[in-house]
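Hi everyone, thanks for making time this morning. I'd like to walk you through one model, moving from its rings to its core and then out to its charged pairs.

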Amino acid sequence: MKTWIKTSIAAALLATTAVGATAFARGGDCDGPRGERMGMHRMAPEQMKVRLAERTDLQLARLELALALTPAQQGDWATFKTAMKARADKMVATMEARSKEATPKTAVDRMQRMEEMSKLRQTEMADTRKAVEAFYGKLSAAQKTVFDAEFAKLAGGHGPMHGKGEGRGYGPGRG
């Protein structure tokens, strides 16, 4: 066997052992690439509700500032904001209920649960689209451009990470 192949295999084995030993030393608890920042699925329901409400409020405030709404648009904004907060509350309630359910045991049960969640998401998306369409129609062309760029963050996407071009991929600050 060539020397470079042996060296590569030895390095890969050493790296794999080091990662496994680190996870074992932590008691098998790996936080993943985010370190101490835990995802929503690992939070207590009360903590998740507070965090999601804070995030929604912050993103709505950011969007409102970016749009520079006119006084005539304030009523439409209030309706849109109420719909987005209701969406976040519904999401928390769904996640809370799902966390109390037993984990599906079979592949068929898991697929059935995924199907149900998919239907729920479709319904939620249709409701969100209706709220967006009602508000979007009241915006100027410049405001629509801003809204298009900023809404992905509010709707659960991560902006450029899901699109094409720069900013895609993983790294700090993506959460």
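Let's start with the aromatic rings: there are 8 aromatic pairs here, counting rings of Phe, Tyr and Trp (its six-membered ring) whose centres lie within 6.5 Å. Planes under 30 degrees apart make a pair stacked, over 60 edge-to-face, and the rest are tilted. The rings of Phe-147 and Phe-151 come out as stacked, because their centres are 5.0 Å apart and their planes meet at 15°. Both residues sit in helix α5, 4 residues apart, about one helical turn. Helices, by the way, are DSSP runs of H or I with at least four residues, strands are E runs of at least two, and both are numbered from the N terminus. As a reminder, an α-helix has 3.6 residues a turn, so residues three or four places apart point the same way.

Before I go further, a word on provenance: this is a predicted model, where local features need pLDDT of at least 70, side-chain atom pairs count only at pLDDT 80 or more, and totals for chains, interfaces and linings use all residues. Residues are numbered from 1 along each chain as its sequence is written, and side-chain values use heavy atoms, with hydrogens and water left out.

Are Phe-147 and Phe-151 buried or exposed? Both are buried, meaning under 20% relative accessible area, where exposed is over 50% and partly exposed is in between, with a 1.4 Å probe and protein chains only. Ring pairs also join these two with Trp-77, Phe-80, Phe-135 and Tyr-136 into a cluster.

That brings us to the core. A nonpolar core here is a set of buried Ala, Val, Leu, Ile, Met, Phe, Trp, Tyr and Cys residues joined through side-chain atoms within 4.5 Å. The largest one has 14 residues, and those with the most contacts inside it are Leu-67, Trp-77, Phe-80, Phe-135 and Phe-147. Which elements give two or more residues to this core? They are α2, α3, α4 and α5. Phe-147 shows how these parts meet: leaving aside neighbours within four places in sequence, its contacts (heavy atoms within 4.5 Å) are Leu-63, Leu-67, Phe-80, Val-132, Phe-135, Tyr-136 and Leu-139.

Now look along α3. This helix covers residues 74-100, 27 residues in all, and reaches 39 Å from its first C-alpha to its last. That is close to the 39 Å expected at 1.5 Å a residue, the expected span being 1.5 Å times one less than the number of residues. Its buried residues are Trp-77, Phe-80, Met-84, Arg-87, Ala-88 and Val-92, and what covers them includes α2 (45-67), α4 (107-136) and α5 (141-154).

Thr-128 lies in helix α4 and is buried, at 7% relative accessible area. Beyond its sequence neighbours within four places, Thr-128 touches Met-84, Arg-87 and Phe-151.

Gln-143, in helix α5, is buried as well, at 8%. Its side chain makes a polar contact with the side chain of Gln-73 at 2.8 Å and reaches the backbone nitrogen of Ser-140 at 2.9 Å. A polar contact is a pair of N or O atoms within 3.5 Å; within protein, one must be able to donate a hydrogen and the other to accept it, and residues adjacent in sequence count only if both atoms are side-chain atoms. Outside four places in sequence, Gln-143 is in contact with Leu-67, Ala-68, Leu-69 and Gln-73.

Finally, the charges. Side chains of opposite charge can pair when their charged atoms come close. How many salt bridges are there? The count is 5, taking a side-chain nitrogen of Lys or Arg within 4 Å of a carboxyl oxygen of Asp or Glu.

One of them joins Lys-85 and Asp-57 at 3.0 Å, N to O. This pair links distant parts of the chain, with Lys-85 in α3 and Asp-57 in α2, 28 residues apart. Lys-85 is partly exposed at 32%, and so is Asp-57 at 38%.

Another runs between Lys-90 and Asp-127, with the closest N and O atoms 3.8 Å apart. Lys-90 is in α3 and Asp-127 in α4, so this bridge ties together parts that are 37 residues apart in sequence.

Glu-133 and Arg-129 form a bridge at 3.2 Å between the closest N and O atoms. They are 4 residues apart in α4, about one helical turn.

That's my tour; I'm happy to take questions.
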